[in-house]
Amino acid sequence: MATEVAGIAPKTISMADFKGRVDPDWCPGCGDFGVLAAVQKALVELQIPKHEVATISGIGCSSNFPGFIETYGMHTLHGRALPVATGMKLANHAMTVLVTGGDGDGLGIGCNHFVHTVRRNVDLTYIVMDNQIYGLTTGQTSPTSRLGMKTKSMPYGNIENPLNPISLALAAGATFVGRGFSGDQKHLTELIRRGIEHKGFSFIDVFSPCVTYNHDNTFQWFRPRVKKLEDNAEYDPSDWSAAMEKSLLWGEEIPIGRFFERTDLPTLHGSEPVLNAGPLVHQNNRIPADVAQKFIEELM
Amino acid sequence: MSQSFAVGIGGAAGQGVATPGDIFAKIFSRRGLHLNAYNAYQSIIRGGHTFLTIRTGPQKISNTGDHLDLLIPLNQDTMDRHLRLLTAGGACLYNADLIQPGTPAEGVQLCPMPVSKMADITRNKVGQNTLAIGAALSMMGVGFPALESVLAEQFRKKDKAVIDENVNLARAGYDYATQNFKPFSWALPMTDARYAVLSGNVAMAMGGAAAGVKFYSAYPMSPATGVLHWMASHARQAEIMVRQVEDEIGVVTMAIGAAHAGVRAMCATSGGGFALMSEGMGLSAQAEIPIVVIDCQRAGPSTGVPTKTEQGDLWQMLGAGFGDYPRVIAAPLDIADCFKLIPEIFNIAEKFQCPGIVLCDLLLSEGRLSVDPKLLDFAPVIDRGELITSNGSGDHEPYQRYKITESGVSPRAIPGLPGYTHVVSSDEHDEDGVLISDEYTNSGKRRAMMEKRMRKVDGIAAAAPPPELHGPANADVTLIGWGSTYGVIQEACELLSEQGISANYLVVRWLVPLHGDAILDLLHGARHTIIVENNFSGQFARYLRSETSFVPDGNIRKYDGEPFAPHHIVEAVKEQLAGKTKLSVPTHEIMV
């Protein structure tokens with residue numbers, strides 16, 4: 001099936017193109033506002049037309065994201081954004097695919113899909129707005145909540161060690177791993193831009209504080225702690241072991257930035273011979289008569 | 001049914017039951033004969049017991065029948081379990097060195113083969129199988145050249161020495177039988193017809209390819225894995241993207257992503273895998289993204305009996321994904337229908353932008369049937385519904401993905417098209433795709449959107465025909481079934497008729513839409529109605545009653561994992577007509 005495009009005069013793509021139909025319903029001061037702006041800015045910098053972008057989310061506060069940006073959005077099921085996005089990308093690999101969601105959605109219920117999508121090196125950019133809490137359901141412990149944190153579901157304090165998204169992504173074989181902070185928009189925009197440009201699975205964990213339910217890891221808590229890897233001239237993002245070491249740092253110093261990138265591995269869609277003929281959605285969907293005949297002859 | 005011939009081959013898993021089965025199937029179909037095959041096996045890779053029945057004849061064979069004409073036991077266990085299935089005129093071919101015969105019925109010919117004197121099979125244990133095949137074909141009146149060419153083909157991937165060895169073994173068996181055993185009184189006929197032989201799984205996979213499926217996702221699960229295997233091995237020639245995913249939740253959501261991008265997407269699983277796909281059904285329904293999911297039912301609940309058949313998932317399908325939403329559900333009637341149904345159900349699912357469910361079962365999925373190749377139509381009608389694939393002049397009203405329409409169908413723009421950006425969601429939404437909870441939940445919009453979606457139900461009802469009643473009018477008994485019991489019900493009606501009991505039948509293919517009123521019309525005036533199904537609680541009987549208040553005069557239910565044989569239904573009908581019971585549960589006489 002071909003999509004025909006009548007002549008559209010090229011124009012400069014601006015922030016206005018990506019403005020959503022409704023304003024975000026996030027709490028005033030929510031970290032996600034900064035992530036939304038950074039994503040829009042990155043797309044503008046890259047001059048990608050909105051109709052070539054798919055923004056896919058799960059369920060949660062940050063998963064409301066696709067409704068606030070004008071692209072081909074899919075607001076899917078809790079934890080299931082990544083397989084949906086994989087299907088979308090495989091069926092039309094000409095689309096720039098962004099996946100947006102939270103730490104509960106992506107690393108709790110969605111963790112299994114995370115690990116497999118990472119190892120498949122699906123060419124998409126996965127932005128996790130990590131606020132170490134389940135916000136939309138009013139404040140439960142999440143897989144990234146710190147040990148001892150008190151929430152409605154663990155009022156005596158979290159007795160479980162948190163998951164480390166950066167180490168997990170690296171161990172699963174992610175070809176681009178970054179971490180940002182909603183409070184440093186310039187840095188985040190640049191990181192997202194590089195993630196989108198990267199051909200392969202780009203994972204960006206963003207500290208995006210929840211002003212309503214997480215009173216521990218707030219903007220004020222993060223600001224003095226986050227340290228940009230880019231400020232260290234000796235840091236080499238092609239060094240996986242170095243990235244693993246940095247990923248384990250937490251406390252007074254928390255690294256943010258591009259932890260790791262490699263560009264030598266094929267993407268999933270790049271490894272699929274069926275896509276040599278171009279995006280699946282534009283391919284012929286009829287089996288040629290001679291091929292059908294062979295299929296039938298096999299049975300006779 | 002006209003004359004038929006049934007062969008049963010059994011042994012432990014790993015003894016090579018499948019190969020003789022394949023060889024017989026090829027020989028029968030190349031003689032222009034129909035066949036129907038069913039393999040009873042266990043969830044085990046080596047050992048245990050596996051039993052293959054192939055029934056053949058010049059006319060369509062609807063099931064594997066009530067008895068055997070030829071039994072080839074490859075081990076003692078099989079001899080012990082299955083000898084009783086032979087009736088007068090039948091024969092049992094066995095390795096006399098290893099197997100002791102039991103006492104057969106009167107008129108059954110025991111054919112012991114002194115295998116060690118016939119050939120040296122010390123290095124080739126399955127050589128006894130090839131000897132038996134040769135012997136069997138001599139007794140069936142088939143010329144040796146036919147066997148020789150099939151053997152050459154069966155072993156074409158091995159070297160010439162292997163082919164020669166097998167041909168020699170077959171020849172030895174053939175000659176021995178010619179000299180020592182009485183041939184069958186009914187020699188296997190020949191016709192000019194040519195048939196394709198395939199399983200239901202292969203039929204559904206091919207049906208998908210014919211329907212224009214471009215994306216197939218799967219997780220291995222018995223008995224659906226055969227669909228994945230065909231898809232995977234033919235993906236490059238058919239230009240279909242085939243992906244094995246980490247779990248069934250990923251399977252269905254990946255298919256939905258692909259479908260939203262604009263391709264036809266399909267997946268297949270069994271009851272337990274479908275349980276994981278339930279929320280995917282809801283996403284497909286709420287976001288109005290069409291997909292087709294095949295459920296190859298097996299004995300449940302839970303892990304159940306993975307290699308045994310049942311019709312136990314109907315209520316899972318009716319209730320899958322919670323909430324009210326339009327869907328289409330169909331149960332193929334036989335293996336040829338497994339192919340034909342796929343393009344039909346895709347057209348409905350895509351036209352009405354809803355999930356489509358194919359309720360197959362192990363009996364069809366893994367059974368094999370001869371099908372006229374002309375029925376394997378790779379140019380079916382493909383109707384993708386109201387798709388927007390062009391932005392024309394670029395001048396159009398702001399696009400609303402969920403525009404309220406009279407039919408309930410809102411034209412669907414394919415991602416990538418300029419000027420049509422929108423959001424689809426699992427949340428309730430308004431015409432724009434905006435979540436209604438983004439602008440404080442609006443009861444008016446919620447109601448309007450529910451009614452829009454549910455208007456599609458009427459369209460779906462008009463798109464699928466009601467079932468038909470077949471057989472003589474005013475029959476003594478009317479048998480009602482759904483899906484795979486079609487074949488055995490047909491033969492049961494013939495046998496009843498031969499015994500002076502006139503019978504007609506109504507077998508349901510479309511479960512949603514059910515056409516309850518049309519069914520009531522057809523059953524109006526029926527003398528004695530009996531619902532036949534492979535489950536404990538009468539799932540279809542309960543469904544029919546809930547939709548129409550119809551209560552049959554009786555029920556015949558079998559839920560031991562084995563399919564009905566015609567005599568099970570015939571005996572049950574007779575005991576019910578005699579007033580002995582309203583619920584018959586046939587016992588499976590053989591421990592398969």
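The second largest cavity has a volume of about 270 Å³. Its lining counts 25 residues, and Asn36(B), Ser62(B), Asn63(B), Leu363(B) and Ser484(B) are the closest to its centre. On a 1 Å grid over the protein atoms alone, a cavity is a set of points where a 1.4 Å probe fits but cannot get out; a pocket is an open set with protein on both sides within 12 Å along at least five of seven lines; lining residues have an atom within 4 Å of a point. Grid points are joined across faces, edges and corners, and a volume is the space filled by probe spheres set on the points.

This is a predicted model, in which local features need pLDDT of at least 70, side-chain atom pairs count only at pLDDT 80 or more, and totals for chains, interfaces and linings use all residues. Residues are numbered from 1 along each chain as its sequence is written, chains are lettered from A and ligands numbered from 1 in the order in which they are written, and side-chain values use heavy atoms, with hydrogens and water left out. The predictor's confidence in each residue, pLDDT, runs from 0 to 100. Chain B has a mean pLDDT of 95, and 99% of its residues reach 70 or more. For the complex, the predictor gives an ipTM of 0.96 and a pTM of 0.96.

Back to the second largest cavity. α15(B) supplies the largest share of its lining, 4 residues. The lining divides into 12 nonpolar, 10 polar and 3 charged residues. Here Ala, Val, Leu, Ile, Met, Phe, Trp, Tyr, Cys and Pro count as nonpolar, Asp, Glu, Lys and Arg as charged, and the others, Gly among them, as polar.

The structure holds 7 cavities of 30 Å³ or more. Helices (H or I, at least four residues) and strands (E, at least two) are DSSP runs, numbered from the N terminus.

Of its 43 lining residues, Asp22(B), Lys26(B), Val197(B), Val202(B) and Arg368(B) are the closest to its centre. α1(B) gives the most to this lining, with 8 residues. The second largest pocket holds about 620 Å³ of space. Its lining has 30 residues, and the closest to its centre include Leu333(B) and Arg509(B). α12(B) gives the most here, with 7 residues.

β22(B), helix α17 (residues 539-548) and β23(B) make a right-handed one. A crossover is right-handed if, with the strands pointing away from the viewer, the path from the first strand over the helix to the second runs clockwise.

β23(B) pairs with strand β22 (residues 529-533) in the parallel sense, over 4 bridges. Arg557(B) is the bridge partner of Glu533(B). Strand β24 (residues 583-584) also runs parallel to β23(B), joined by 2 bridges. There, Ser584(B) is the bridge partner of Ile556(B). Two strands pair if DSSP finds at least two bridges between them.

Gly554(B) and Ile556(B) point one way from β23(B), Asn555(B) and Arg557(B) the other way, and all are buried. Buried means under 20% relative accessible area, exposed over 50%, partly exposed in between (1.4 Å probe, protein chains only).
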